[in-house]
Amino acid sequence: MTPYEQRRLQGPLRWLSRDYAELREAARTGAVYDVLVVGSGYGGAMAAFEFAGLRKPDGQPVRVCVLERGQEYAPGMFPSSLQELPPHVRLHRSGSDELVGRRDALLDVRIGGDVTTILGNGLGGGSLINAGVMEPPRLQEWDLARQHLPDEVVADLDPAFFAAVAADLGACPPDAPDHPANAQGGLRKTAELRRIAAAGGAEFRLAALTVQAGSDDPDRPRCTLCGDCMTGCNVGAKRSLDTTLLQ
């Protein structure tokens, strides 16, 4: 039995996902969705979030279905050591059809000739395996992009929009006492990066994170500063998309 299957048998826990077999069975009974979103990363989760709660002209709610090829994860299911990592990694090289590893493995590594990328393969997409950094783009550098973006998109580039998104994702401001860099002495790597920046005359500043080290929310345990954000938070302190927009 896989860790995923073992965690499914434990409770109590409210799972968001359903097996694809249930979707197929629902289709046989005539179930219809108004919106089908493929992928549950930042693009897919935001699309589903915007459609959720809308109503059709007849007053009926818009039915939204999100498809994700990976599994749903809960704290305790992520790899926490190098020994546990291999079953959670899948590799694919450009120019080859061969896939190494499980198709539903969490870390999807795509090796190219010039660029190699790592994608999150699970409910919540890349939010499961990133450091939760909420850094808005530098709008003053987007002049060229603005010339080619639809007016509706340009309107959403207002700083207030990014502040609203950060709030929806549960971002902790860099100056907050609960920010991981400010609590319990912070991470050693933060101090080292600060030292390197100072030695090289480079700018150093903290970014907002979807992690809190001093949360009093019983459903959001405190960050332990373990530094394992990029292999999945087994503590449950990081706000990934499955705990925010997809809830």
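Q: Threonine 244: buried or exposed?
A: Threonine 244 is buried, because its relative accessible area is 15%. Buried means under 20% relative accessible area, exposed means over 50%, and partly exposed is in between, with a 1.4 Å probe and protein chains only.

Q: What kind of model is this?
A: It's a predicted model, where local features need pLDDT of at least 70, side-chain atom pairs count only at pLDDT 80 or more, and totals for chains, interfaces and linings use all residues. Residues are numbered from 1 along each chain as its sequence is written, and side-chain values use heavy atoms, with hydrogens and water left out.

Q: OK, back to threonine 244. Where is it, and what does it touch?
A: Threonine 244 sits in the segment after strand 8 (208-209). Leaving out residues up to four places away in sequence, it touches Asp168, Leu169 and Arg239. Contact here means heavy atoms within 4.5 Å.

Q: Zooming out, how many helices and strands does the chain have?
A: The protein chain has seven helices and eight strands. Both are DSSP runs numbered from the N terminus: H or I of at least four residues for helices, E of at least two for strands.

Q: How much of the chain is buried?
A: Buried residues make up 30% of its 247 residues. As for contacts between residues at least 6 apart in sequence, 59% of them join residues at least 24 apart.

Q: How long is helix 7?
A: Helix 7 covers residues 188-200, which is 13 residues, and reaches 19 Å from first C-alpha to last. That's close to the 18 Å expected at 1.5 Å a residue, where the expected span is 1.5 Å times one less than the number of residues.

Q: What comes just after helix 7?
A: Glycine 201, which takes a positive phi of about 70°.

Q: What's phi like at leucine 225?
A: Near 60°, a positive value in a residue other than glycine. Leucine 225 is in the segment after strand 8, and it counts as buried because its relative accessible area is 16%.

Q: New topic: how many aromatic pairs are there?
A: Searching the whole structure turns up two. Rings of Phe, Tyr and Trp (its six-membered ring) pair if their centres lie within 6.5 Å; planes under 30 degrees apart are stacked, over 60 edge-to-face, and the rest tilted. Tyrosine 73 and phenylalanine 78 have ring centres 5.0 Å apart and planes at 15°, so that pair is stacked. Phenylalanine 161 and phenylalanine 162 form an edge-to-face pair, at 5.5 Å centre to centre with 75° between the planes.

Q: Are tyrosine 73 and phenylalanine 78 buried or exposed?
A: Tyrosine 73 and phenylalanine 78 are both buried. Phenylalanine 161, at 34% relative accessible area, is partly exposed, and phenylalanine 162 is partly exposed at 22%.

Q: What lies over the face of tyrosine 33?
A: Arginine 63, at 4.8 Å from the ring centre. A charge sits over a ring if NZ of Lys or CZ of Arg is within 6 Å of the ring centre and within 35 degrees of the ring normal. Tyrosine 33 is in the loop between helix 2 and strand 1 (35-38), and it is partly exposed at 33% relative accessibility.

Q: Last one: which residues does leucine 246 touch?
A: Not counting residues up to four places away, leucine 246 touches Leu16, Ser40, Ala45, Ala48, Leu123, Gly124 and Leu241. Its C-alpha is 9.6 Å from that of glycine 44, 202 residues away along the chain. Leucine 246 counts as buried because its relative accessibility is 17%.
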